[in-house]
Amino acid sequence: MTLKLLAVGDLHLGRRPGSLPDALRDARSARSLGPATALERLVDEAINEQVDVVALAGDLVEAHDDFFEAYRDLHKAVARLVAHNIRVVGVAGNHDVQVLPRLAAELPGFDLLGEGGQWEETVLTGADGSEEVLHGWSFPRPAVTTSPLAGHRFERDRRLQLGLLHCDRDQHGSHHGPVTSGELDDAGLDAWLLGHIHKPDALTPEKPSGYLGSVTALRRTETGPRGPWLYRLASTGIEAVEQWTLAPLRWEPLEVDLTGLQEAGEVTTRLMRAVREKAEAIVAAGRAPDALGLDVCFAGRTDLRRDAEAALTDEQLDDIPAAGLRCFVGRLRFETLPESDPERLAREKSPAGLLARQLLILDDPDHDDHRALVDRARRHLSAVAEDRAWQPLHRGEPNDAEVIAWLRRSLSISLDALQAQRREAE
Amino acid sequence: MKLRALHVRELPGIAEPFSLEELGEGLHLISGPNASGKSSLLRALQLLLTEARTGDPLHLRLGAEFDNDDGRWRVERSGTTRTWYLDGRHADAPPALPERETLQSYLLGVESLLGRSDTDEAIGERFRRELAGDYDLPAVRQRFPVSPRIDRRHGETLQQAERALREAERHNQDLVQRYRRLPELEQQIAETERAEQALGQYREALEVLRLRQRHDELQAGLDAYPPMPSREDGKRCAELNSRLETLRTREREQQERYHKAGERLRQTGLDAPEAVDVSTARKWLNEIREGENRLTQLRKEHARARGEREEAERALGAGEPEGLFRPDAEQVGAIERCANAVYEAECRLSETRARAESTTATGAPDNEGRLDLLGAVTALAGGALLLVIAWTSEPAWSALGALLVLLGAGVGARRLLRGKQSSDPLAGQMLKQAKQEHDRARAALGEAATAAGLQYDSAPASSMQVFVDRLGKLDRARATEAGHEAECVQQEQDLAAQRKRLRTLLQKWNGQPAGDDAPALESALERLEQRRDAAADALRDMHDSKNRLRELEQETGETRQRLAELFSSLQLEPGDQRTLEQRLEMLPEWEALHEKLRGVDAQLQASLKRLDDTDEALARWMEEGDQEAIAAAIRDAQAQIESLQELREEKARIEADRDQAQREHPLEQRRAEYDRAREELEFLFEQRMVAEAGHFLLNDAESRHRSAHQPETLRRADERLRTFTRGHFSLRLDEQAQLRAFDERQGLERTLEELSVGTRMQLLIALRLAWAQQNEHRDDPLPLFLDEALTTTDPERFDAVASALAAESRERGRQIFYLTAQAEDMQRWQRATGIAPQHIDLAEVRRLATAASEPLALPAQRSLPDPRDSTPEDWARQAGIPPVNPRNDAGAIALFHLLRDDLPLLHRIMEDLRVETLGQLDSLVATALGRRSLDEATRDRLGQRIRIAREWVAAWRIGRGRPVERSALEETDAVTERQLDRVDELAIECNRDASAIIEGLRNKRVSRFQGQKIDELEEWLQQHGYLDPRSPLDEDERYRRVLDAVQGDTETAESIRQVVHWLEAAVQTSTNH
């Protein structure tokens, strides 16, 4: 007999997913794709599957003092689990230092481990009487600059030892419980169930330690499957680790190669085909989301970039039915290059040639002029980035990667335009 | 090609022909007053050197002579015909000459230098084509739209969203804090409610005491009154009195009624009308009436009977009634006996007949016969009876009648006997016998009758029958009459008796009738009845009255009793109406007082009821009337509950806010809005960065392409202009490849139209000169004519241009002809070039009268102090070096501030190159003049110090922006012509600080300057460097920024620090803020 433990990563109740199309931005639709719905589903599934324990790795709510909105959803969900005799344990992350202690005080079936920043262990008992030990530590305050593992020694015994921790791994100087991989390994536990980073690690029985990831995508950049993880624990060890991809919303990058495009209208065909293939793959993997957001990048070499852009302006990209999913394009960008060889173009004594040379320089970090070009561009762009329009973004100075990306994208546009002029002139 | 002579024979505007001959090499100064023909020389040359075209004057005769390697050329123009000669021979083709537009480059008239000409446009177009490299770069730039305004608007949107989110978070925090108070709040409310309730009771108790006191006061007031009647009492009393009065009235009425009834009774004369048996009287009267009727009837019958009798008598011959047959007794007896015998015989006959008849037919009894017999017997019997009666009574004729009856009966019997015949012989025999007996009897009778005087028909049966009949009739009539008479008598007697009886009755009751007849009796009876009725009425009235009087008396007694009781209850003597009325007058006042008391009592009771369950302490206080204790308790409670309403409202607000938060998710909503605004701004940021990167790369590519492929002409013209202006201005093309002059001092680009006349002329001179040089196909320069082109040029620039032209003349062998009306220009040329140009006095050539004019004295040239004798500070003061104003372009920085450590070099640059500012030097070091004047190391050093200064100015300007001069306000579209003065005044007041100006505008210091225009102006100022939202850097930060920018150059960090320090120290104090 195994003990079924459902490990839940960051939820951030109180937030709605971003980058939604207008048709899904209303409160109701957005919430239906957000963490509240994900929580409801995982509770349903936990009850159906009769899990023994649900372990919450912190950041269940977005605002640490959201006692009226998100707290209500959380309370209801945990109460349901408790009502079905499912044990619920959790640790507080940097976002829920106030909410979880209150939940523990109000809901007797919920155990908050390590309240106040003190390590605490609890025994998880399976239906067959087998026992596993779960160690937990909760954020005492929103900012923790020291490692929770520092100076702590875990007492081991023959039982399976698990750790539940919200932390920032290998981020020296972090204010969110910085720990190192070494500390985690040295702790000597059989598995670490980590919260804070939204990108999940590839957890397996062989490698059961890592970030659980966000339960559902909150931003366009949170791509890939999302959901809680079911650990099947036995006295002999971790038998299985399975991700329940029950997130209502999923984001995926989608690169569409436009090389060889013969006419502009074909871009739609290629795009729809790529969308369909992606959707089918996701559906085939099981537990499909309700909506699939796509971060589309057109790449490759084509001289029809502008026409392709124009062809897409009339396309309905907010609602693409594919494989039974509602798909939408959240972001669309072109990073194509003209068909002509940039090296040949770079030999031209013309502005186009100069731009092509700049492209080659950008693609070659070892080029003598690479650094100077990037620095000059950064100085120029920094001055623009200091415009008061961007102050609310609280950005720092652009880094090299950003500058290079912007330069490349602009070069893509410029070269496309110049090549088009050349073709027209010819 | 050298111009050797010019002949103007006929030209519009020229009256007399003239010639310039023996023109030599190098510089020529052609002087002459206005209208001396100077400009005509240029016109003449243009007309000679270009093909004729429409618009050229027709009346032309011009000629010129040129020398080149080919020989001596001569050109003649007459009208539209132009002819070239080479060495005196007609030439097949003219010499190689530039295009018409290019020719303008050689003929620089002041008019053509005042504005852009076709030549300049052609030059510009050529530049554009070359610099674009056959690409439409502006079209590519359009792929990178930049909309700072939109970006800022989104930035503001995100800020608003952030503020809204923060507000929602604050609101949530506030709600959390408030919600935490809820249990405490509820407890406070509960306590306060208890206190409120207690307060209510305390107040109630206080009220009770007050009411009690009031009660006592009112009661005392009431007690002062005598026993008061109520309104009801008064009303009752009035009612009772009224009632008594009514009773009395009614009593009187009843008494009167009684008396009147008694009078009426008396008048009826009947004391006991009930005893008046009117019914009996009426009955008797009816009998009397009936009797009278009967009597009347009897009398009628009697009269009729008499008549019949008389008739019968007449029938019998008895004559008149007076002659009425009156048989005696014997006669009558005889008749009677005879009649009896007749009767008996008739009876036997009848029987016999009957027996015989009955056995004839059916043997049935003969009813008819029996009836006849019966009738006969009856008649006989009757007659016998009547006879007896009649005989014994009067009148006698009645006996006769009876007799007649008998007779008649006998006749009847006879008839009877004659009835039916029997067939029985025995019977017949018997019958015959009977008949014989009958006849015998009848005969006897007849005899008797005749004896008595009766007419008796002794005829056979029929006559007898008639006689009997008549006799019978008479008898009957007589009997009848007698009977009737007897009846009448009897009736009269009876009637008399009844009348008497009735009258007696009537008399008994004083109802004497007027007569005895029925009507009189009727009348008397009716009167009696009336009297009886009247008596009965009267008696009833009297009875009623009496009863009523009894009732009235009783009621009066009761009423009096009630009245007495009423008075008694009021402690008044019975009948003391006056006192009662007095008291009734006091009643409203008393009632008011009583009402008050009642009200007070009611309130008191209500209050006491509400205080039923009060605590012991309060009950005791009330009992003891301890107001002080209660008041103290009230104060305590009031203090406690002052905030109850607030507490309740606060609780309600908290709960409402909580519910609203749970329902509307405002925190989540604001966060979502913030995230969305942030996403949009991030997207715009990306777009903008890509666009800016695009512009950066395009500008960079274009700049380098231009640098690499800059038209030689432009480069040359640029160098010339820098030389002419001592580096003040350089020449460049803008994005549209339009010619622009760049002010190296102020760092501003200026269109040709924005330049001063002098600078514009110098620019065009430089441009056309470079163009001409570039387009001359061989080293055979054409002469250059400048018609008063340097008139408005300041001395330094004059020297620069003149020097350049002299160098052109010297180096390329070009003739330079300078036309001027200024006599002192000769001195200028001499001073600038060191040589005296060849002078041609056009007025003299044309023999025009001129006023002699003395040349003006040229102003002395400025000289700088000797740097060897001074400290840098002294030298700067002596030289009048201005401080550094980093608000201006770095180009305006005086060179002193970069070369304090090398004053000799500074002196040389300023003195020899006539360069004073950083911009001029930066511009000049790139020119040939600069290269000639300064060695490479010096140029490098100067270049780096120039960079340091430029970077330092850029660092200093962070957060400051340039001063907003009037020209900037004129340039922007945000300020209208009408507003310009007022906005400029504001700018002056704000020390030309852009942010202060904007703030002033937002504070409406310039009326009707709309908000949208303020935004537009702000954006323009920011775009053009007048407004910088960043925080200013301090000195160290500026130094580090400069160091970061220029480090790596040959200048050491120490020297960089040195230069920066100089610049910091030299900053004008008024700019430091």
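Tutor: Two strands count as paired if DSSP finds at least two bridges between them. Please keep in mind that this is a predicted model.

Student: In what order do the six strands of the open sheet in chain A stand?

Tutor: In general, strands of a sheet pair through backbone hydrogen bonds, either parallel or antiparallel. Here the order in chain A is 4-3-2-1-12-13, and the pairing is mixed. Strand 4 (110-112) and strand 13 (237-243) of chain A each have a single partner strand, so they stand at the edges with one side left without a neighbour in the sheet. From one strand to the next, the twist averages 20 degrees.

Student: How many bridges join strand 1 of chain A to strand 12 of chain A?

Tutor: Strand 1 (residues 3-8) and strand 12 (residues 229-234) of chain A are joined by five bridges and run antiparallel. Within this pair, Leu3(A) stands opposite Leu233(A).

Student: Is strand 10 of chain A mostly covered or mostly uncovered?

Tutor: Strand 10 (residues 191-195) of chain A is mostly covered, with five of its five residues buried. One side carries Ala191(A), Leu193(A) and Gly195(A), the other Trp192(A) and Leu194(A), and both faces are covered.

Student: Which strands pair with strand 10 of chain A?

Tutor: Strand 7 (residues 160-166) of chain A runs parallel to strand 10 of chain A and is joined to it by five bridges; there, Leu164(A) stands opposite Leu193(A). Strand 11 (residues 210-211) of chain A also runs parallel to strand 10 of chain A, through two bridges, and Tyr211(A) is the bridge partner of Leu194(A).

Student: What is the angle at which helix 8 and helix 15 of chain B pack?

Tutor: Two packed helices are described by the angle between their axes and the distance between the axes. For helix 8 (residues 231-268) and helix 15 (residues 518-569) of chain B, the angle is about 160 degrees and the axes are 7 Å apart. Angles over 145 degrees count as roughly antiparallel, and these two helices of chain B are therefore roughly antiparallel to each other. Helix 8 of chain B passes helix 15 of chain B in a left-handed crossing. The residues of their contact comprise 17 nonpolar, eight polar and 17 charged.

Student: What span should helix 13 of chain B have?

Tutor: At 1.5 Å a residue, the 27 residues of helix 13 (residues 425-451) of chain B should span 39 Å, which agrees with its end C-alpha atoms being 39 Å apart. Its buried residues include Leu431(B), His438(B) and Arg442(B). Just after helix 13 of chain B, Gly453(B) takes a positive phi of about 100 degrees.

Definitions and conventions
Residues are numbered from 1 along each chain as its sequence is written. Chains are lettered from A and ligands numbered from 1 in the order in which they are written. This is a predicted model: local features need pLDDT of at least 70, side-chain atom pairs count only at pLDDT 80 or more; totals for chains, interfaces and linings use all residues. Side-chain values use heavy atoms; hydrogens and water are left out. Helices (H or I, at least four residues) and strands (E, at least two) are DSSP runs, numbered from the N terminus. Axes are lines fitted to C-alpha atoms, for helices over the stretch in contact, and angles run from 0 to 180 degrees between N-to-C directions. Angles under 35 degrees count as roughly parallel, over 145 as roughly antiparallel, 65 to 115 as roughly perpendicular and the rest as oblique. A crossing is left-handed if the near helix is turned anticlockwise from the far one by less than a right angle, and right-handed if clockwise. Ala, Val, Leu, Ile, Met, Phe, Trp, Tyr, Cys and Pro count as nonpolar, Asp, Glu, Lys and Arg as charged, and the others, Gly among them, as polar. The expected span of a helix is 1.5 Å times one less than its number of residues. Buried means under 20% relative accessible area, exposed over 50%, partly exposed in between (1.4 Å probe, protein chains only).
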